[in-house]
Amino acid sequence: MDSRERFLAALSGSPVDRPPVWLMRQAGRYLPDYRAVRKTAGFWELCHSPELTTRVALEPLARFKLDAAIVFSDILVVPEALGLGVTFGAGEGPQLARTLSTSADLAGWKVEGAAARMGFVANAVKHLKAALANRYGLFGFAGAPFTLFAYCTEGGGSDDFLKARVMLHQQPALAEKALATLADVTAEYLDAQCEAGADTVQLFDTWGGLLDREDYVRFCLPAIRRITEPLRAKGRKVMLFVRGGQHLLPVLGEANVDGFSLDWRADWREARARYPRHVLQGNLDPARLLAGAEPTVAATRSLLSVMRETDDAKRCIVNLGHGIHKDTNPDTVAALCEEVARNG
Ligand code: 1CP
């Protein structure tokens, strides 16, 4: 089986010779070529260049035995297209010039033409797809509505995103309207990525796990379904990653997705028992990779054996439970991928 066949088989639940592997944030600051590119190009400049996005997305595939690529972009493309003024300062997290706190702020969002302003991402997908020559799987992605809403209200990164969580209960109608707006723009944006050649798309709900189950059901799931229903009606495949979302597992079935990306704290067997027909992906701890090759290989081996035991390795994708840390040694990533290729 070549990588793309293996990846598509895992997505559709067909038998595989071994589970495919890719890693969240596999193209990023832990790789020397990525850092070299970033010395010559700003973050947005990189995202807008199909040549550069393809170059950085291919680097991990050339180095490691990975089965899928992910388009190089960022979840904050959506608030930028809505006119919120997103900048990436050197060494800091992203900053938004205009934040959401009143209905006047929401009325100022430039919804019309937003999907078209993100056309450069579909273009990056198309360019990467051609370079992959159908040998590898290809992911598109976007932020889930609540995670985008969290950055829009906070104006940047945060550990607890209190502004977002307060707004849900102080101005619920405004929050629901903002979430629905983010969802509708995202649905159109992801459909364009699929049209451009993505085999599947992943919604990153990096901050969804901050909410309790009741709030997730009330605010997040309806917004996620505004994305997944039109996409899946067209046969698109959608994966959902909720970081810190173990407590949400019982309700995530209502997200209407093909599969879940499990955070490192989620229990694989429990997730599988609950969702026998879904694709499951994950869930190695990115900190394990910082501990070195040996502990990483041991963790990979035990994940592979859980996959074989619970599913005959079907509908399983090896991944991390969150993005690769920037201080990760590339040799450790190589050891992880070798282990999957050898022992999967
Ligand atoms: O200086 C730099 O080069 C910027 C670092 C960086 C990178 C490499 C940012 C800024 N974004 C990205 C790329 C990126 N972002 C990818 C593609 C990488 C790949 O090939 O796998 C993806 C999938 C993302 C998604 C993303 N951006 C998420 C969701 C996934 C996750 O890791 O939780 C989130 C929360 C962001 C926001 C963001 N963008 C960048 C940073 C530093 C952050 C985190 C901000 C914060 O909350 O502090």
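Ala142 stands opposite Leu203 in strand 5, and that pair is a handy way into this predicted model. Strand 4 (residues 137–143) and strand 5 (residues 200–205) run in the parallel sense, paired over 5 bridges; two strands count as paired if DSSP finds at least two bridges between them. Helices (H or I, at least four residues) and strands (E, at least two) are DSSP runs, numbered from the N terminus. Being a predicted model, it comes with conditions: local features need pLDDT of at least 70, side-chain atom pairs count only at pLDDT 80 or more, and totals for chains, interfaces and linings use all residues. Residues are numbered from 1 along each chain as its sequence is written, and side-chain values use heavy atoms, with hydrogens and water left out.

Follow helix 11 (residues 172–195) to its meeting with helix 10 (residues 162–170): the two axes come within 5 Å and cross at roughly 115 degrees. Here Met167, Leu168, His169 and Gln170 of helix 10 meet Pro172, Leu174, Ala175 and Leu179 of helix 11.

In the loop between helix 9 (145–154) and helix 10 you'll find Ser158. Is Ser158 buried or exposed? Buried means under 20% relative accessible area, exposed over 50%, partly exposed in between (1.4 Å probe, protein chains only). Ser158 has 15%, so it counts as buried. Its side chain reaches the backbone nitrogen of Asp160 at 3.1 Å and that of Phe161 at 2.8 Å.

Last stop, helix 17 (residues 330–343). Asn329 caps its N-terminal end, with a side-chain oxygen 2.9 Å from the backbone nitrogen of Asp331. The buried residues of helix 17, including Val333, Leu336 and Val340, pack against helix 4 (50–63), strand 8 (279–284), helix 15 (286–290), helix 16 (293–311) and strand 9 (316–320).

Technical notes: Contact = heavy atoms within 4.5 Å. Polar contact = N/O pair within 3.5 Å; in protein donor to acceptor, adjacent residues only side chain to side chain. Axes fitted to C-alpha atoms, helices over the stretch in contact; angles between N-to-C directions.
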